[in-house]
Amino acid sequence: MHISISNDAANWYKREMLLNEGDQIRFFVQYGGCSTVQKGLSLGIRKDLPQHMAASTQAEGLTFFVEADDEWYFDGHNLSITYTQGEEEPTFHYEK
């Protein structure tokens, strides 16, 4: 599994979550929402410390990661996160 995040998306998270350089952000599985890879589930996000990372990337001084126990959610897909100016939030793209 591979994670990529655009600088615009990383900066959006930095602003919205009041993050500082060096902070670590976890994508985790949560019930509810909608996703193109798992019905009835979606990705949540929170500031956290990694224990057993399955994948990570860095952008704008932040580390974004997925823990090994959440890797199943991606069903062999990579995660790409983008942000377009004027949108309400970043967009998740799941790519094989």
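1. Leaving aside residues up to four places away in sequence, Glu 60 touches Asn 7, Ala 10, Asn 11 and Lys 14, where contact means heavy atoms within 4.5 Å. The C-alpha atoms of Glu 60 and Ala 9 are separated by 9.5 Å, although the two residues are 51 apart along the chain.

2. This is a predicted model, in which local features need pLDDT of at least 70, side-chain atom pairs count only at pLDDT 80 or more, and totals for chains, interfaces and linings use all residues. Residues are numbered from 1 along each chain as its sequence is written, and side-chain values use heavy atoms, with hydrogens and water left out.

3. Glu 60 sits in the loop that joins strand E4 (53-59) to strand E5 (62-67). Helices (H or I, at least four residues) and strands (E, at least two) are DSSP runs, numbered from the N terminus. The protein has one helix and seven strands, in the sequence order β-α-β-β-β-β-β-β.

4. Glu 60 counts as partly exposed because its relative accessibility is 31%. Buried means under 20% relative accessible area, exposed over 50%, and partly exposed in between (1.4 Å probe, protein chains only). Of the 96 residues of the protein, 41% count as buried.

5. On overall dimensions, the C-alpha trace spans about 30 × 30 × 25 Å along its principal axes. Among contacts between residues at least 6 apart in sequence, 54% join residues at least 24 apart.
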